[in-house]
Amino acid sequence: LIDIDSKIPNLALKKIEKYHVDKGDTVDWNNELMATLSDKVYVSCVFDWNKRLAQEWEGKAEIGGSGYSLTTILPPEIDRIKPRINLGFTTRGCIRKCYFCIVPKKEGMVHAVGDIYDIWDGKSKELVIMDNNILALPEHFKLIASQLRKEKLKVDFNQGLDHRLLTEDLAHELLTLKHIHEIRFAFDDLSYKPSVLKALGILKKGGMRDWGSRWYVYIGEKDTFESVYERMKLLQEHKQAVYVMRDRKVYSDPRWIALSSWGNTMGAFKMDLNEILKSSDRMKPYRKYFSQPIREGKNG
């Protein structure tokens with residue numbers, strides 16, 4: 001099994017591993033020498049910028065993963081396997097069609113595929129749920145929440161939750177759970193400002209503490225410094241954390257490095273930005289990028 005680039009356990013390869021171990025096969029991981037001696041080789045590539053690394057295995061391995069192909073799928077006898085590694089999906093697909101996201105194209109409309117007992121090993125006190133839009137199935141979300149409470153598990157909905165679908169009822173379900181990290185949402189476009197404010201109001205009414213949520217702030221080719229800064233400033237004013245996500249196409253832009261240096265450092269993001277710019281040597285090279293928005297005043 002060759003895992004090209006996963007930062008977390010690769011679920012597809014874990015299914016393949018269990019399939020072969022259950023058959024009595026010996027399985028090796030990320031060992032290119034053993035791959036030359038193995039009866040079968042599987043390669044998974046998650047990110048398309050690593051596709052060339054996966055292509056080196058063409059003719060020598062079964063290759064899959066969203067970074068290599070959106071149409072290659074596991075055989076049914078492998079896909080149905082439940083590795084129970086405390087990480088996985090209870091739904092697949094999404095109702096949204098964000099221009100930067102491959103999920104709808106790869107997985108289609110949101111649909112349930114299981115519950116916590118399909119991914120929990122029965123021992124761990126924590127569970128990572130990777131669903132892309134679980135709130136789009138509110139009754140299923142309530143089922144998952146009830147199971148998490150029953151088993152007294154901490155959870156991380158690590159792909160973020162759709163703030164536009166949040167209701168007082170769903171917020172109550174969410175806020176009565178134990179979370180591994182801050183509750184995660186996304187503020188991907190400045191046009192979402194009204195719905196973000198509405199969601200923050202619902203969450204705070206439900207008892208969410210200051211800095212109790214973390215919002216993915218996506219930066220793509222369409223963004224300007226001001227459009228990103230205003231999103232971050234709004235969240236800072238409401239005392240909620242951010243995680244700046246730079247698209248690979250704009251990753252090296254110094255403006256976005258400046259914003260991520262500020263926003264992704266929790267201690268700095270909690271402080272007044274002007275004070276950080278004055279006192280931080282790390283932020284010194286980026287001061288010029290902040291000067292215009294700061295002169296314009298509150299919220300950019």
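## Reading burial, contacts and charge pairs in a predicted model

Student: Is L170 buried or exposed?

Tutor: The general idea is to compare the relative accessible area with a cut-off, and buried means under 20%. L170 has a relative accessibility of 4%, so it counts as buried.

Student: Which residues is L170 in contact with, once its neighbours within four places in sequence are left aside?

Tutor: With those neighbours set aside, L170 is in contact with L135, P138, F141, K142 and L165. For a view along the chain, take I8, which is 162 residues away from L170 in sequence, the two C-alpha atoms being separated by 28 Å.

Student: How should I read the protein chain as a whole, and what does its radius of gyration agree with?

Tutor: One compares the value with what a compact globule of that length would have: for 300 residues this would be near 19 Å, and the 21 Å of the protein chain agrees with it. Taken along the principal axes, the C-alpha atoms fill a box of roughly 65 × 45 × 30 Å. The secondary structure comes to 13 helices and 12 strands, and buried residues make up 46% of the 300 residues. As for the accessible surface, it comes to about 15800 Å², with 50% of that belonging to carbon and sulfur atoms.

Student: What share of the contacts joins residues at least 24 apart?

Tutor: Of the contacts between residues at least 6 apart in sequence, 69% join residues at least 24 apart. Leaving aside neighbours within four places in sequence, E182 is in contact with W211, G212, S213, R214 and M266.

Student: How many salt bridges does the structure hold, and which residue forms one with K40?

Tutor: The structure holds 18 salt bridges. In one of them E62 pairs with K40, the closest N and O atoms being 3.5 Å apart. Because E62 lies in strand β3 (residues 62–64) and K40 in the loop between α2 (32–35) and β2 (42–44), the pair ties together parts that are 22 residues apart in sequence. E62 is partly exposed, with a relative accessible area of 44%, and K40 counts as partly exposed at 43%.

Student: What are the burial values for the pair R231 and D223?

Tutor: The side chains of R231 and D223 meet in a salt bridge of 2.9 Å, N to O. R231 is buried, with a relative accessible area of 0%, while D223 counts as buried at 14%. Salt bridges can also be linked in a network, as they are for R96, D162 and R164.

Student: How many positive and negative side chains does the protein chain have?

Tutor: The protein chain has 49 positive and 42 negative side chains, and the centres of the two sets lie 4 Å apart.

Student: Let us turn to the backbone: what is the phi of R84, and what is the phi of N86?

Tutor: Most residues other than glycine have a negative phi. R84, which is not a glycine, has a positive phi of about 50°, and N86, also not a glycine, has a positive phi of about 65°.

Student: Where are R84 and N86 placed, and is each of them buried or partly exposed?

Tutor: R84 is in the loop between α4 (76–79) and β4 (87–88), and N86 is in the loop between α4 and β4. R84 is partly exposed, with a relative accessible area of 40%, whereas N86 is buried, with a relative accessible area of 15%.

Definitions and conventions:
Residues are numbered from 1 along each chain as its sequence is written. This is a predicted model: local features need pLDDT of at least 70, side-chain atom pairs count only at pLDDT 80 or more; totals for chains, interfaces and linings use all residues. Side-chain values use heavy atoms; hydrogens and water are left out. Helices (H or I, at least four residues) and strands (E, at least two) are DSSP runs, numbered from the N terminus. The radius of gyration is taken over C-alpha atoms; the globule rule is 2.2 Å times the number of residues to the power 0.38. Buried means under 20% relative accessible area, exposed over 50%, partly exposed in between (1.4 Å probe, protein chains only). Contact means heavy atoms within 4.5 Å. Accessible areas come from the Shrake-Rupley method with a 1.4 Å probe; for residues, only the protein chains shown count as cover. Lys and Arg count as positive and Asp and Glu as negative; His and the chain ends are not counted. The place of a charge is taken as NZ of Lys, CZ of Arg, CG of Asp or CD of Glu. A salt bridge is a side-chain nitrogen of Lys or Arg within 4 Å of a carboxyl oxygen of Asp or Glu.
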